[in-house]
Amino acid sequence: MKKYSNLFQLSFFLTPALVIIIVFYLLPLVLTVYMSFTPIRNWNTERYLSQFIGSYNYYRIYHMVKYDPIFRQVMINTIIFVLITLIVNVFGGLLISLATYFINEKSSSTLRLVWLLPRMSPIAVYSLVWYYFFHGSEIGTLNSLLLKLGIIDKPIVLGQGVIPWGPWSIIVFINGLVGVSFGMIVFSSALSHIPRELVIAARVDGATNWSISRKILIPMIRWHILYVFTWQLLSLITSYAHTFLLIEWGLVNRDYGTTLSLYVFLTAFGRGEQDQGLAAAAATILAIIGTVLGFLTLKILKFERMIAKPRGDI
Amino acid sequence: MLTDVEVRSKKTEVAITIAILMASIPLFLAFSLLVLSSFSKEMMTNLSLESFRFTIENWINVLQGKLAFTGGIRQNILKYTFNTALVALGVAGVVTLISALSGYALSRMNFRGRKFLLMFLLMLHAFPGVALIVGVYLLYRLSLPSSPSLVTTFSFMYVIVARAALEVPMATWLMKGFFDSIPWEIEWSAIVDGASRIRVWRKILLPLIKPGIAAILLFGFLAGWQDLIYVRTFLVEPTLATYIEANLEAEYSHMPLIAAAGTLYLLPTIIFFLTSQKLLLETHSGGIKG
Amino acid sequence: MRGYVAVLLVGILVFGAIASGCISSEKPTTPEKVEVSLTGDFVKDVVNIGKALESNGVNEVKFTVWGAGDPNSVMRVYGIVEAAERINKVFNENNINVKIVVDTNYVASFQQLFQDYLSKQPIGQAGDFFVNSYAFIPTLAKEGYILDVTEYAKAYEKELSDFYTPLMEASKWKGKLYGLPQDTEARPLYIRKDVAKCSGFDLTKLEEKVKNGEFTWSDVYAKAKAAKEKGCSEWGLIHRKGSAHPDLIQFIFAFGGTLYDENEDKLVLDVPAVYKWLYVEWKFARDGILPEDIMSWDWAKQIHPAIVSGNTLFDIGGTWYWAEWQTKDYYVDPKTNEPRGLKPEEVDAWFYYTLFPAGEKGQKPVTLSQPFVWMINSKAGAQNPKYDELKDIYQKLAFLMILKASDADINAIHSVISSHLPVRKAAEDLIKDEKWLNDLKNLNIDISSGVKAEIADIVKATVHPINAKFLADVSYMLEYTHLAPSHPKYPALADLFKDAVDKVLRGEMKPEEAVQFLIDRIKADPELSASVKIVGEVPKDWQFP
């Protein structure tokens, strides 16, 4: 009886989440893998769904990897982009949430709001904002600022001229800002749950902000940090939307701004036709890479040990 | 609410504020220029005041649903705003409900596969929406009602649940964190008194994690409000995001109008965020130590 | 716990199986199809269709039209609205109680709209009418997303013979007609008269010299260089950017090259012509006559202001520039220091225009058009009652609507207010008719009040005898026009071209390296390399200028 009631209660709590995971993750994943073996394109499921073309889509990707003259650069871009942005995201988010933690609430919430803007902006508007900001001529905000201050006497063509770090820094900056706000929200809400008594007690003992952060705050939100780290790693591998328009508009050099996911996006959906079969194959590969990377991260960071036994199970 | 205001030094506080301000300059600058441009006849980009020529025509046009000065076509922007809000609120509601349930189970109940489920949830983000969308679209096609009149309604429901699904793993993790921070003893006494877990969850725990719920609501709302790709692929009706996206054409769009539309798009979220901030930061008062 | 998950999984699978069973078990009952045949007499056909609808209890027909483009081109959707009004009038006059109601959707980005159409058409939620570039016809036709109107058009052969043949050809794919041309344009070479004068460049009879191939790109180079060296302008040449706008492939045609092999239905990379094109770009940029970073210039803040304020001698643009310079504030008036649009008189006084000159002696001048086409959704009418029975009626009605929307006056109005070229002779005649133009300016024309109100402000801003004369003057260019190939893979190739041009302009690659880069990238994608034929070799000892 007791066992039955426990099972009932457990399913009450877990069923919705499991259903949604099965329906919107596992099932689509199976469908994606299936579609990667079909020539499906232009969303024409009626026509292509029952056609089977074997591993053609994978072969196509393999062929491009091997023969495309820009592919090597795309790989380098991806590695640089993911690593640096990841660091910017996690540490930036942590820094801002810690810093705002120590200042009064009013200014902290305003500041946090500013850092939230990148996340809330529609992608096209966000790209437009930075397009003008980094534009490589006098019309660019950054260039005109530096010109006015007399730091430079000729506009810097950051996205196209300073190769490779110019385009890299722009895409890292733009994606980093979006990620920083993500980390910031997670960390801030986690920090707000730490009993203030702990902090006050430490402060009375003469602890500095730095040592409070290091000894009390960071350890208490460590799983949040880990979480943000892993999540960002995986999502950076698949993100392309914020870079796409900037390359399209000529702000960022295409060879040095294109990352793996953007490369796939452009090949599958670039223009004219929409090749969902190819996209599905790429998604399958990405899923595998993502799983392996995610798994490795969890292992390296000894994630399992951090999962505590639940309290209070009867 | 307890703060350590009395003991911390004013000077460092000012220093930190200034430091963050400095770091925020590009953001401040870029977004202020966007807002200013929405009141100008041309885009302000190079910090010269000459390019600022005041006008409110951009706003009048946008509020009338027009993204062009001469010509263009009037769209029902009120409806688009409503659509956007509907999706955002829907996503917020679904995510919060589901994660409040599963977060509790993962925090408080021990069952086989719990550790696996936790890890698995984390891994699910290995394939975010973009990668899965092809499969999600096929599912959409397979489940579409045959009567065309139902398609619009169905597309709303589908996009809400599908978009919410992307946030569920993270929200569940966060919710688990919030539940973890509530001392077990509070619940224990009620359970000993014979209350069911469901009842305890609803009556005792939910009120205690209000800030967490607010945070998740905010997350869900933002995710739904700013979503472009899912909305564009599944929703039959336009939202603000798709409307702006479809009308931003580098060659001939009047950019100050886009700036006004973009600012309008940001407004509700700013308001929502400002009002929920308090809730977000409100720490629960609790005497019992964990 | 494992058992619990298993139970859940089984449950969902069972549910899924039942659900899919439900869907597939719905046996379609074959309804009695109602059909009418088109006679070629418009009023008679409308009346027949109206009566058929009425007798089936349909009194209101709903259609949606999707269109895209610059803000002045709204007749792309209002044309359909107007056509519906005109057909309603016919219904009314014949005491038929049927009314067509049209919903409109118009956005700026035509590529975005195309993608929307792709994802919404299969679920029956895309517009019944779709106005977009002819370049998308191959993809849409291949997937069966648009209606083949070849048969319907046969009944109206006489009326359609008024349309320009190349445009009708552009609306076809594999011999089948998939819509009616809506508008087109030419891409003239604009020349600043003041800069030309300053540098001693005599423009008299230039148009003739370009036409007979006497004035080639070598001359463009010489004149541009002279203008810059004499300090008459900052640049010698400005051109457009991006790959969606295929201006620059005019070079391929101007050097006698080709882009498409009809027999094999393959795209062509014509190496000699592409090399010469890239060489010209490279040479211009190396000599500082063409900005090497033109591909990242901003449209509204750099490209257009540079042209209208006379910072360049030549500009490769489009006919729509003519109106755009008048409606947008690109020009800073030196007297007031205020940005404003140009006056028609100013545009006329400042700009000379001619065909895109031949690449070298022995070749012909060219221009390039990208016609827009009125297409009909293969599911047109699906949101109306008794679709299964009346499908044929709805589709024919839709065809009559695009036919009506091509009425000479509707097409002429569109051309005048958006600076596009008309698609048929009758419309071209109207544009040349001063009285008609005057009536249009005063909105004294026979169009429905709703549409009239919507376009009033555009009419006010654009209708001017000078502008109409410009359109009439450039119409001859259509005789020289080329179209980018109608091939599903063309956009992918165009994207590569853009990259190659950017690289030579910036000096990252020499022309021959860029050609090799193109070949390598085409070969990298099996799908693309299967659709592109690479012909010829980089010419040795070729000289430019």
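Predicted model: local features only at pLDDT ≥ 70, side-chain atom pairs only at ≥ 80, totals over all residues.

Trainee: Is C198(C) buried, exposed or partly exposed?

Mentor: Its relative accessible area comes to 47%. Buried would need under 20% and exposed over 50%, so C198(C) is partly exposed.

Trainee: Which residue does C198(C) join through a disulfide?

Mentor: Searching the whole structure turns up 1 disulfide over all chains. Its sulfurs sit 2.0 Å apart, and the partner of C198(C) is C232(C).

Trainee: How many residues apart in sequence are the parts that this pair ties together?

Mentor: C198(C) lies in helix 9 of chain C, residues 193–198. C232(C) is in the loop between helix 11 (217–229) and strand 8 (235–238) of chain C, so the separation is 34 residues.

Trainee: Moving on to chains A and B, which residue of chain A forms a salt bridge with R141(B)?

Mentor: The count between chain B and chain A is 1 salt bridge. Its closest N and O atoms are 2.5 Å apart, and the partner of R141(B) is E46(A).

Trainee: Which helix gives the most to the side of chain B that touches chain A?

Mentor: That side divides into 80 nonpolar, 23 polar and 10 charged residues. The top contributor gives 16 residues, and it is helix 1 (residues 10–37) of chain B.

Trainee: How much area do chain B and chain A bury between them?

Mentor: Here 113 residues of chain B are in contact with 106 of chain A. Carbon and sulfur atoms account for 77% of the buried area, which is about 10,600 Å².

Note on methods:
Residues numbered from 1 in each chain as written. Chains lettered and ligands numbered in written order. Heavy atoms only, no water. Disulfide = S-S within 2.5 Å. Helix = DSSP H or I, 4+ residues; strand = E, 2+ residues; numbered from the N terminus. Buried < 20%, exposed > 50% of the residue type's maximum accessible area, 1.4 Å probe, protein only. Contact = heavy atoms within 4.5 Å. Buried area = accessible area lost by both parts, 1.4 Å probe. Salt bridge = Lys/Arg side-chain N within 4 Å of Asp/Glu carboxyl O. Nonpolar A, V, L, I, M, F, W, Y, C, P; charged D, E, K, R; others polar.
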